[in-house]
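Okay, everyone, let's get started.

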Amino acid sequence: MKDFLQQFSLKDMVDIIFNTWGSSFLIIMILSLSAGKNKAKEDHGTENIFIPYTDEVLCFYVLLFFYNVFYTFTYIFDGSREKSGQFIMEATIFLYYVMGAMLTLLLLEFIHKYVALEFEDKMLGYVGRTLQIIQLILLLLLIITPFTGALYRFNDDFYYERGWAFWIWQGYTIVAFTSMMIPLMSYYKRLNSFLKYILVSVIIFPLVAFVLGLLIPWINFNSFFVITAAILVFLQFENYRAMYTIDKVVELEDIQRKLMLDQIKPHFLHNSLNSIIYYIDKDPKKAKEALISFSKYLRTNLDSINVKSVIPFSEELQHTKQYLALEKLRFEDKLTIEYDINNTLFKVPALSLQPIVENAVKHGIRKKAEGRGTVRIITECTEDYHIIKVIDDGVGFDTGILDNMDESHIGVNNVKRRLEMDLNGTLTFESKVGTGTTCIISIPKNQ
(Lines give C-alpha, C1' and ligand atoms only; values in the text may rest on other atoms or scores of the structure.)
Protein backbone atom coordinates (compact mmCIF):
# COMPACT_ATOMS: atom_id res chain seq x y z
CA MET A 1 0.00 0.00 0.00
CA LYS A 2 2.87 2.36 0.88
CA ASP A 3 4.57 1.74 -2.48
CA PHE A 4 1.23 2.23 -4.23
CA LEU A 5 0.65 5.61 -2.57
CA GLN A 6 4.21 6.79 -3.22
CA GLN A 7 3.62 6.77 -6.97
CA PHE A 8 1.21 9.70 -6.60
CA SER A 9 2.21 13.31 -6.14
CA LEU A 10 0.43 15.54 -3.62
CA LYS A 11 -1.53 17.12 -6.49
CA ASP A 12 -2.61 13.67 -7.72
CA MET A 13 -3.73 12.65 -4.23
CA VAL A 14 -5.77 15.83 -3.84
CA ASP A 15 -7.43 15.24 -7.23
CA ILE A 16 -8.20 11.59 -6.44
CA ILE A 17 -9.69 12.47 -3.05
CA PHE A 18 -11.74 15.31 -4.51
CA ASN A 19 -13.02 13.16 -7.39
CA THR A 20 -13.86 10.30 -5.03
CA TRP A 21 -15.80 12.69 -2.82
CA GLY A 22 -17.54 14.08 -5.89
CA SER A 23 -18.53 10.60 -7.07
CA SER A 24 -19.94 9.79 -3.63
CA PHE A 25 -21.98 12.96 -3.68
CA LEU A 26 -23.24 12.17 -7.19
CA ILE A 27 -24.45 8.76 -5.98
CA ILE A 28 -26.37 10.49 -3.19
CA MET A 29 -27.96 12.86 -5.71
CA ILE A 30 -28.91 9.98 -8.03
CA LEU A 31 -30.49 8.01 -5.18
CA SER A 32 -32.28 11.11 -3.92
CA LEU A 33 -33.71 11.95 -7.35
CA SER A 34 -34.78 8.34 -7.93
CA ALA A 35 -36.40 8.12 -4.50
CA GLY A 36 -38.18 11.44 -5.04
CA LYS A 37 -39.47 10.30 -8.41
CA ASN A 38 -40.80 7.02 -6.98
CA LYS A 39 -42.27 8.71 -3.92
CA ALA A 40 -44.16 11.19 -6.11
CA LYS A 41 -45.81 8.25 -7.90
CA GLU A 42 -47.01 6.77 -4.61
CA ASP A 43 -48.12 9.90 -2.74
CA HIS A 44 -51.87 10.52 -2.83
CA GLY A 45 -52.61 13.69 -4.75
CA THR A 46 -49.23 13.83 -6.53
CA GLU A 47 -48.97 10.32 -7.96
CA ASN A 48 -49.92 11.49 -11.45
CA ILE A 49 -47.81 14.64 -11.54
CA PHE A 50 -44.71 14.32 -13.67
CA ILE A 51 -42.04 16.92 -12.96
CA PRO A 52 -40.54 18.30 -16.18
CA TYR A 53 -36.78 17.74 -16.69
CA THR A 54 -36.70 14.86 -14.16
CA ASP A 55 -35.52 12.18 -16.57
CA GLU A 56 -32.97 14.48 -18.20
CA VAL A 57 -31.54 15.62 -14.86
CA LEU A 58 -31.34 12.03 -13.60
CA CYS A 59 -29.62 10.94 -16.81
CA PHE A 60 -27.21 13.87 -16.45
CA TYR A 61 -26.16 12.75 -12.97
CA VAL A 62 -25.74 9.11 -14.01
CA LEU A 63 -23.50 10.09 -16.92
CA LEU A 64 -21.64 12.57 -14.75
CA PHE A 65 -21.04 9.91 -12.11
CA PHE A 66 -19.40 7.52 -14.58
CA TYR A 67 -17.54 10.43 -16.18
CA ASN A 68 -16.07 11.30 -12.78
CA VAL A 69 -15.32 7.67 -11.84
CA PHE A 70 -13.50 6.96 -15.09
CA TYR A 71 -11.55 10.18 -14.72
CA THR A 72 -10.46 9.12 -11.21
CA PHE A 73 -9.34 5.72 -12.52
CA THR A 74 -7.17 7.41 -15.14
CA TYR A 75 -5.32 9.16 -12.30
CA ILE A 76 -4.84 5.94 -10.38
CA PHE A 77 -3.66 3.75 -13.26
CA ASP A 78 -1.80 6.31 -15.38
CA GLY A 79 1.75 4.98 -15.84
CA SER A 80 0.90 1.57 -14.36
CA ARG A 81 3.52 -1.11 -14.97
CA GLU A 82 1.12 -3.97 -14.39
CA LYS A 83 -0.68 -5.51 -17.35
CA SER A 84 -4.00 -5.41 -15.47
CA GLY A 85 -3.47 -1.76 -14.58
CA GLN A 86 -2.61 -0.90 -18.18
CA PHE A 87 -5.75 -2.66 -19.40
CA ILE A 88 -7.89 -0.73 -16.88
CA MET A 89 -6.23 2.53 -17.93
CA GLU A 90 -6.91 1.87 -21.61
CA ALA A 91 -10.57 1.00 -20.89
CA THR A 92 -11.28 3.89 -18.51
CA ILE A 93 -9.67 6.62 -20.64
CA PHE A 94 -11.75 5.42 -23.60
CA LEU A 95 -14.96 5.38 -21.51
CA TYR A 96 -14.08 8.77 -20.02
CA TYR A 97 -14.15 10.26 -23.53
CA VAL A 98 -17.41 8.41 -24.28
CA MET A 99 -19.10 9.83 -21.16
CA GLY A 100 -17.95 13.33 -22.09
CA ALA A 101 -19.49 12.93 -25.54
CA MET A 102 -22.74 11.58 -24.05
CA LEU A 103 -22.99 14.56 -21.71
CA THR A 104 -22.57 16.94 -24.62
CA LEU A 105 -25.21 15.09 -26.66
CA LEU A 106 -27.59 15.12 -23.70
CA LEU A 107 -27.21 18.86 -23.21
CA LEU A 108 -27.73 19.52 -26.92
CA GLU A 109 -30.88 17.38 -26.86
CA PHE A 110 -32.08 19.18 -23.73
CA ILE A 111 -31.77 22.57 -25.44
CA HIS A 112 -33.39 21.26 -28.61
CA LYS A 113 -36.39 19.91 -26.66
CA TYR A 114 -36.96 22.69 -24.14
CA VAL A 115 -35.73 25.76 -26.01
CA ALA A 116 -35.60 25.25 -29.80
CA LEU A 117 -38.92 23.38 -30.01
CA GLU A 118 -40.59 25.39 -27.24
CA PHE A 119 -39.87 28.70 -28.97
CA GLU A 120 -40.09 27.26 -32.48
CA ASP A 121 -36.56 28.41 -33.27
CA LYS A 122 -35.66 26.42 -36.39
CA MET A 123 -32.18 27.90 -36.68
CA LEU A 124 -31.29 26.91 -33.12
CA GLY A 125 -32.70 23.46 -33.86
CA TYR A 126 -30.54 23.11 -36.98
CA VAL A 127 -27.43 24.25 -35.11
CA GLY A 128 -28.10 21.77 -32.31
CA ARG A 129 -28.68 18.87 -34.69
CA THR A 130 -25.52 19.75 -36.65
CA LEU A 131 -23.47 19.78 -33.46
CA GLN A 132 -24.90 16.39 -32.50
CA ILE A 133 -23.95 14.94 -35.88
CA ILE A 134 -20.40 16.31 -35.51
CA GLN A 135 -20.16 14.76 -32.04
CA LEU A 136 -21.20 11.38 -33.45
CA ILE A 137 -18.52 11.70 -36.15
CA LEU A 138 -15.95 12.49 -33.46
CA LEU A 139 -17.05 9.32 -31.66
CA LEU A 140 -15.91 7.40 -34.72
CA LEU A 141 -12.54 9.16 -34.31
CA LEU A 142 -12.52 7.97 -30.71
CA ILE A 143 -13.25 4.38 -31.76
CA ILE A 144 -10.15 4.23 -33.96
CA THR A 145 -7.95 6.02 -31.41
CA PRO A 146 -6.76 2.83 -29.63
CA PHE A 147 -5.29 1.77 -32.98
CA THR A 148 -4.13 5.15 -34.31
CA GLY A 149 -3.42 7.31 -31.25
CA ALA A 150 -5.54 10.09 -32.75
CA LEU A 151 -7.05 11.54 -29.56
CA TYR A 152 -4.61 10.11 -27.05
CA ARG A 153 -1.73 7.66 -26.78
CA PHE A 154 0.56 6.12 -24.15
CA ASN A 155 4.31 6.71 -24.07
CA ASP A 156 6.95 4.07 -23.34
CA ASP A 157 6.27 4.34 -19.58
CA PHE A 158 2.53 3.97 -20.29
CA TYR A 159 1.67 7.52 -19.30
CA TYR A 160 -1.27 9.20 -21.02
CA GLU A 161 -0.45 11.80 -23.67
CA ARG A 162 -2.68 13.89 -25.90
CA GLY A 163 -2.87 12.89 -29.57
CA TRP A 164 -2.88 15.08 -32.64
CA ALA A 165 -6.71 15.09 -32.80
CA PHE A 166 -7.16 16.02 -29.13
CA TRP A 167 -7.43 19.70 -30.03
CA ILE A 168 -10.12 18.92 -32.58
CA TRP A 169 -12.14 17.15 -29.86
CA GLN A 170 -11.50 19.86 -27.28
CA GLY A 171 -12.10 22.63 -29.81
CA TYR A 172 -15.43 21.11 -30.82
CA THR A 173 -16.49 20.86 -27.16
CA ILE A 174 -15.72 24.54 -26.59
CA VAL A 175 -17.55 25.52 -29.79
CA ALA A 176 -20.55 23.36 -28.83
CA PHE A 177 -20.83 24.81 -25.34
CA THR A 178 -20.29 28.33 -26.65
CA SER A 179 -23.03 27.78 -29.25
CA MET A 180 -25.37 26.61 -26.49
CA MET A 181 -25.05 30.01 -24.88
CA ILE A 182 -27.24 31.35 -27.71
CA PRO A 183 -30.52 30.38 -25.98
CA LEU A 184 -29.24 31.99 -22.79
CA MET A 185 -28.76 35.30 -24.56
CA SER A 186 -31.75 35.07 -26.92
CA TYR A 187 -34.42 33.69 -24.63
CA TYR A 188 -33.11 34.40 -21.15
CA LYS A 189 -36.07 36.57 -20.12
CA ARG A 190 -38.58 34.03 -21.45
CA LEU A 191 -37.09 30.94 -19.80
CA ASN A 192 -38.45 29.75 -16.46
CA SER A 193 -36.22 30.20 -13.42
CA PHE A 194 -35.02 26.59 -13.26
CA LEU A 195 -34.20 26.43 -16.97
CA LYS A 196 -32.15 29.62 -16.61
CA TYR A 197 -30.31 28.18 -13.64
CA ILE A 198 -29.53 24.81 -15.19
CA LEU A 199 -28.30 26.30 -18.47
CA VAL A 200 -26.07 28.81 -16.70
CA SER A 201 -24.62 26.15 -14.38
CA VAL A 202 -24.21 23.32 -16.88
CA ILE A 203 -22.92 25.44 -19.78
CA ILE A 204 -20.89 28.28 -18.31
CA PHE A 205 -19.14 26.35 -15.51
CA PRO A 206 -17.72 23.61 -17.78
CA LEU A 207 -16.86 26.21 -20.43
CA VAL A 208 -14.78 28.13 -17.90
CA ALA A 209 -13.11 24.85 -16.89
CA PHE A 210 -12.27 24.05 -20.53
CA VAL A 211 -10.67 27.44 -21.10
CA LEU A 212 -8.69 27.36 -17.84
CA GLY A 213 -7.60 23.81 -18.64
CA LEU A 214 -6.12 24.99 -21.92
CA LEU A 215 -4.37 27.94 -20.29
CA ILE A 216 -3.16 26.06 -17.18
CA PRO A 217 -3.02 22.37 -18.21
CA TRP A 218 -1.23 21.17 -15.05
CA ILE A 219 -4.23 22.02 -12.83
CA ASN A 220 -7.48 20.03 -12.96
CA PHE A 221 -10.23 22.63 -13.10
CA ASN A 222 -12.68 20.28 -14.79
CA SER A 223 -13.74 18.19 -11.79
CA PHE A 224 -14.09 21.17 -9.48
CA PHE A 225 -16.34 23.16 -11.81
CA VAL A 226 -18.39 20.13 -12.92
CA ILE A 227 -19.08 18.96 -9.36
CA THR A 228 -19.90 22.51 -8.29
CA ALA A 229 -22.37 22.83 -11.17
CA ALA A 230 -23.90 19.47 -10.24
CA ILE A 231 -24.46 20.55 -6.63
CA LEU A 232 -26.04 23.84 -7.65
CA VAL A 233 -28.35 22.14 -10.18
CA PHE A 234 -29.38 19.55 -7.59
CA LEU A 235 -30.30 22.18 -4.99
CA GLN A 236 -32.22 24.24 -7.53
CA PHE A 237 -34.03 21.19 -8.94
CA GLU A 238 -35.22 20.10 -5.51
CA ASN A 239 -36.68 23.56 -4.97
CA TYR A 240 -38.21 23.57 -8.45
CA ARG A 241 -39.73 20.12 -7.93
CA ALA A 242 -41.40 21.17 -4.68
CA MET A 243 -42.81 24.38 -6.16
CA TYR A 244 -43.98 22.66 -9.37
CA THR A 245 -45.76 19.91 -7.42
CA ILE A 246 -47.57 22.45 -5.25
CA ASP A 247 -48.62 24.48 -8.30
CA LYS A 248 -49.90 21.39 -10.13
CA VAL A 249 -51.85 20.10 -7.13
CA VAL A 250 -53.53 23.50 -6.79
CA GLU A 251 -54.17 23.59 -10.56
CA LEU A 252 -55.68 20.08 -10.53
CA GLU A 253 -57.97 20.96 -7.63
CA ASP A 254 -59.02 24.13 -9.46
CA ILE A 255 -59.77 22.09 -12.59
CA GLN A 256 -61.90 19.69 -10.56
CA ARG A 257 -63.89 22.56 -9.01
CA LYS A 258 -64.47 24.18 -12.39
CA LEU A 259 -65.44 20.86 -13.94
CA MET A 260 -67.91 20.10 -11.16
CA LEU A 261 -69.49 23.56 -11.38
CA ASP A 262 -69.59 23.37 -15.17
CA GLN A 263 -71.43 20.07 -15.05
CA ILE A 264 -74.15 21.37 -12.73
CA LYS A 265 -75.79 23.54 -15.41
CA PRO A 266 -78.93 25.39 -14.28
CA HIS A 267 -80.63 25.02 -17.67
CA PHE A 268 -79.95 21.28 -17.77
CA LEU A 269 -81.30 20.83 -14.24
CA HIS A 270 -84.33 22.95 -15.08
CA ASN A 271 -85.09 21.00 -18.27
CA SER A 272 -84.60 17.64 -16.55
CA LEU A 273 -86.91 18.56 -13.67
CA ASN A 274 -89.57 19.84 -16.07
CA SER A 275 -89.40 16.53 -17.98
CA ILE A 276 -89.76 14.57 -14.74
CA ILE A 277 -92.74 16.72 -13.66
CA TYR A 278 -94.35 16.15 -17.06
CA TYR A 279 -94.10 12.36 -16.70
CA ILE A 280 -95.32 12.22 -13.09
CA ASP A 281 -98.94 12.12 -14.27
CA LYS A 282 -98.38 10.66 -17.73
CA ASP A 283 -96.05 7.78 -16.76
CA PRO A 284 -95.29 7.61 -13.00
CA LYS A 285 -92.93 4.62 -13.40
CA LYS A 286 -90.89 6.44 -16.02
CA ALA A 287 -90.84 9.56 -13.85
CA LYS A 288 -89.58 7.55 -10.87
CA GLU A 289 -86.76 6.01 -12.92
CA ALA A 290 -85.83 9.45 -14.25
CA LEU A 291 -85.80 10.90 -10.74
CA ILE A 292 -83.41 8.15 -9.61
CA SER A 293 -81.11 8.87 -12.58
CA PHE A 294 -81.30 12.60 -11.84
CA SER A 295 -80.40 12.04 -8.17
CA LYS A 296 -77.42 9.80 -9.03
CA TYR A 297 -76.25 12.18 -11.75
CA LEU A 298 -76.32 15.15 -9.38
CA ARG A 299 -74.62 13.19 -6.58
CA THR A 300 -71.77 12.08 -8.85
CA ASN A 301 -71.12 15.65 -9.98
CA LEU A 302 -71.11 16.93 -6.40
CA ASP A 303 -68.77 14.13 -5.28
CA SER A 304 -66.36 14.69 -8.17
CA ILE A 305 -64.71 17.65 -6.44
CA ASN A 306 -63.30 15.29 -3.80
CA VAL A 307 -62.02 12.69 -6.26
CA LYS A 308 -58.21 12.95 -6.23
CA SER A 309 -57.40 10.06 -8.53
CA VAL A 310 -58.81 8.09 -11.41
CA ILE A 311 -61.88 5.87 -11.18
CA PRO A 312 -62.88 2.60 -12.93
CA PHE A 313 -64.25 3.20 -16.42
CA SER A 314 -67.38 1.26 -15.50
CA GLU A 315 -68.27 3.97 -12.96
CA GLU A 316 -67.78 6.75 -15.48
CA LEU A 317 -69.85 4.81 -18.03
CA GLN A 318 -72.65 4.41 -15.51
CA HIS A 319 -72.63 8.14 -14.81
CA THR A 320 -72.80 8.82 -18.55
CA LYS A 321 -75.77 6.49 -18.88
CA GLN A 322 -77.55 8.42 -16.12
CA TYR A 323 -76.96 11.65 -18.04
CA LEU A 324 -78.19 10.10 -21.29
CA ALA A 325 -81.28 8.71 -19.56
CA LEU A 326 -82.25 12.28 -18.67
CA GLU A 327 -81.56 13.52 -22.20
CA LYS A 328 -83.52 10.59 -23.62
CA LEU A 329 -86.44 11.50 -21.36
CA ARG A 330 -86.41 15.00 -22.81
CA PHE A 331 -85.84 14.27 -26.51
CA GLU A 332 -87.42 10.80 -26.66
CA ASP A 333 -86.97 9.09 -30.06
CA LYS A 334 -85.05 12.02 -31.53
CA LEU A 335 -81.97 10.81 -29.64
CA THR A 336 -80.64 7.30 -30.27
CA ILE A 337 -77.92 5.82 -28.06
CA GLU A 338 -75.80 2.84 -29.09
CA TYR A 339 -73.20 1.04 -26.96
CA ASP A 340 -70.39 -1.21 -28.15
CA ILE A 341 -68.48 -1.85 -24.94
CA ASN A 342 -65.71 -4.40 -25.40
CA ASN A 343 -63.44 -3.39 -22.55
CA THR A 344 -64.06 -1.83 -19.14
CA LEU A 345 -60.96 -3.01 -17.25
CA PHE A 346 -59.16 0.32 -17.08
CA LYS A 347 -59.41 3.64 -15.29
CA VAL A 348 -60.23 7.18 -16.35
CA PRO A 349 -60.43 10.57 -14.62
CA ALA A 350 -63.82 11.24 -13.07
CA LEU A 351 -66.14 13.19 -15.40
CA SER A 352 -64.13 12.49 -18.52
CA LEU A 353 -66.53 10.52 -20.74
CA GLN A 354 -69.78 12.29 -19.78
CA PRO A 355 -68.69 15.82 -20.89
CA ILE A 356 -67.59 14.42 -24.26
CA VAL A 357 -70.93 12.64 -24.75
CA GLU A 358 -72.77 15.80 -23.68
CA ASN A 359 -70.73 17.73 -26.23
CA ALA A 360 -71.86 15.26 -28.92
CA VAL A 361 -75.53 15.65 -27.96
CA LYS A 362 -75.52 19.42 -27.43
CA HIS A 363 -73.21 20.59 -30.22
CA GLY A 364 -73.61 17.71 -32.64
CA ILE A 365 -77.10 16.21 -32.65
CA ARG A 366 -79.16 19.12 -31.31
CA LYS A 367 -77.72 21.61 -33.82
CA LYS A 368 -79.02 19.60 -36.77
CA ALA A 369 -82.06 21.12 -38.46
CA GLU A 370 -84.27 18.21 -37.43
CA GLY A 371 -82.54 17.83 -34.02
CA ARG A 372 -82.37 14.07 -34.52
CA GLY A 373 -79.36 11.75 -34.46
CA THR A 374 -77.35 8.92 -32.95
CA VAL A 375 -74.52 8.83 -30.44
CA ARG A 376 -72.35 5.69 -30.26
CA ILE A 377 -70.01 4.89 -27.37
CA ILE A 378 -67.34 2.33 -28.19
CA THR A 379 -64.45 0.89 -26.22
CA GLU A 380 -61.58 -0.97 -27.84
CA CYS A 381 -58.32 -2.49 -26.70
CA THR A 382 -55.07 -2.42 -28.70
CA GLU A 383 -51.67 -3.77 -27.76
CA ASP A 384 -50.63 -0.52 -26.08
CA TYR A 385 -53.80 1.49 -25.46
CA HIS A 386 -57.31 1.47 -24.07
CA ILE A 387 -59.46 3.33 -26.61
CA ILE A 388 -62.78 5.12 -26.06
CA LYS A 389 -64.68 6.47 -29.06
CA VAL A 390 -67.71 8.76 -28.96
CA ILE A 391 -69.23 9.01 -32.44
CA ASP A 392 -72.15 11.21 -33.47
CA ASP A 393 -73.81 11.90 -36.82
CA GLY A 394 -74.38 15.55 -35.97
CA VAL A 395 -73.43 18.75 -37.77
CA GLY A 396 -69.67 18.27 -37.40
CA PHE A 397 -67.17 21.13 -37.21
CA ASP A 398 -63.84 22.41 -38.47
CA THR A 399 -61.23 20.83 -36.19
CA GLY A 400 -58.99 23.85 -36.77
CA ILE A 401 -60.91 25.70 -34.05
CA LEU A 402 -59.48 23.29 -31.47
CA ASP A 403 -56.16 25.14 -31.63
CA ASN A 404 -57.85 28.30 -30.39
CA MET A 405 -60.09 26.91 -27.64
CA ASP A 406 -60.31 29.22 -24.65
CA GLU A 407 -61.63 28.80 -21.11
CA SER A 408 -65.20 28.94 -22.42
CA HIS A 409 -64.70 25.38 -23.68
CA ILE A 410 -64.07 24.25 -20.14
CA GLY A 411 -65.55 20.77 -20.53
CA VAL A 412 -63.29 19.66 -23.39
CA ASN A 413 -60.28 21.58 -22.05
CA ASN A 414 -60.53 20.04 -18.60
CA VAL A 415 -60.98 16.50 -19.91
CA LYS A 416 -57.92 16.90 -22.12
CA ARG A 417 -55.75 18.35 -19.35
CA ARG A 418 -56.80 15.78 -16.78
CA LEU A 419 -56.20 12.89 -19.18
CA GLU A 420 -52.69 14.23 -19.77
CA MET A 421 -51.95 14.89 -16.10
CA ASP A 422 -53.54 11.75 -14.63
CA LEU A 423 -52.83 9.07 -17.21
CA ASN A 424 -50.58 10.52 -19.90
CA GLY A 425 -53.59 10.03 -22.17
CA THR A 426 -54.73 11.96 -25.22
CA LEU A 427 -57.98 13.42 -26.52
CA THR A 428 -58.36 13.90 -30.28
CA PHE A 429 -61.21 14.80 -32.64
CA GLU A 430 -62.00 13.75 -36.19
CA SER A 431 -64.85 15.68 -37.74
CA LYS A 432 -66.38 16.66 -41.07
CA VAL A 433 -68.90 19.45 -41.41
CA GLY A 434 -72.34 18.04 -42.19
CA THR A 435 -71.33 14.45 -41.46
CA GLY A 436 -70.50 14.12 -37.77
CA THR A 437 -67.70 13.87 -35.23
CA THR A 438 -65.57 11.14 -33.70
CA CYS A 439 -63.88 11.83 -30.40
CA ILE A 440 -61.07 9.44 -29.44
CA ILE A 441 -59.64 9.00 -25.95
CA SER A 442 -56.40 6.98 -25.83
CA ILE A 443 -55.03 5.77 -22.51
CA PRO A 444 -51.65 3.97 -22.36
CA LYS A 445 -51.79 0.55 -20.74
CA ASN A 446 -48.55 1.06 -18.83
CA GLN A 447 -50.06 3.66 -16.47
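So, E109 comes out as partly exposed, because its relative accessible area is 32%, where partly exposed is the range between buried, under 20%, and exposed, over 50%, with a 1.4 Å probe and protein chains only. Before I go on: this is a predicted model, so local features need pLDDT of at least 70 and side-chain atom pairs count only at pLDDT 80 or more, while totals for chains, interfaces and linings use all residues. Residues are numbered from 1 along each chain as its sequence is written, and side-chain values use heavy atoms, with hydrogens and water left out.

Back to E109. What does E109 form a salt bridge with? With R129, and the closest N and O atoms are 2.7 Å apart. The cut-off there is a side-chain nitrogen of Lys or Arg within 4 Å of a carboxyl oxygen of Asp or Glu. E109 is in helix α4 and R129 in helix α5, 20 residues apart, so the pair links distant parts of the chain. Helices, by the way, are DSSP runs of H or I, at least four residues, and strands are E runs of at least two, numbered from the N terminus. R129 is partly exposed too, at 31%.

How many salt bridges does the structure hold? Six. Among them is E370 with K368, at 3.6 Å, N to O, and E370 is partly exposed at 44%. Another is E380 with K389, at 3.8 Å; E380 has 30% relative accessibility and K389 has 22%, and each counts as partly exposed.

Next, the rings. There are 19 aromatic pairs, meaning rings of Phe, Tyr and Trp (its six-membered ring) with centres within 6.5 Å; planes under 30 degrees apart are stacked, over 60 edge-to-face, and the rest tilted. Take Y67 and Y96: the centres are 4.7 Å apart and the planes are at 25°, so that pair is stacked. Y67 sits in helix α3 (residues 54-77) and Y96 in helix α4 (residues 83-116), 29 residues apart. Both are buried.

F313 and F346 are stacked as well, 4.8 Å centre to centre with 20° between the planes. F313 is in helix α12 (residues 313-331), and F346 is in the loop between β4 (335-341) and β5 (347-348), 33 residues apart. Both count as buried, F313 at 0% and F346 at 6%.

Y67 and Y96 also belong to one aromatic cluster, which includes Y71, Y97 and W169. One more ring contact: the charged end of K321 sits over the ring of Y339, 4.9 Å from its centre. The test is NZ of Lys or CZ of Arg within 6 Å of the ring centre and within 35 degrees of the ring normal.

Now the core. In soluble globular proteins, nonpolar side chains tend to be buried together. Here the largest nonpolar core has 71 residues, and among those touching the most other members are Y53, Y97 and L195. Core members are buried Ala, Val, Leu, Ile, Met, Phe, Trp, Tyr and Cys residues joined through side-chain atoms within 4.5 Å. Which helix supplies the largest share of this core? That's α4, with 15 residues.

Last stop, L317: its place is in helix α12, and it counts as buried at 7%.
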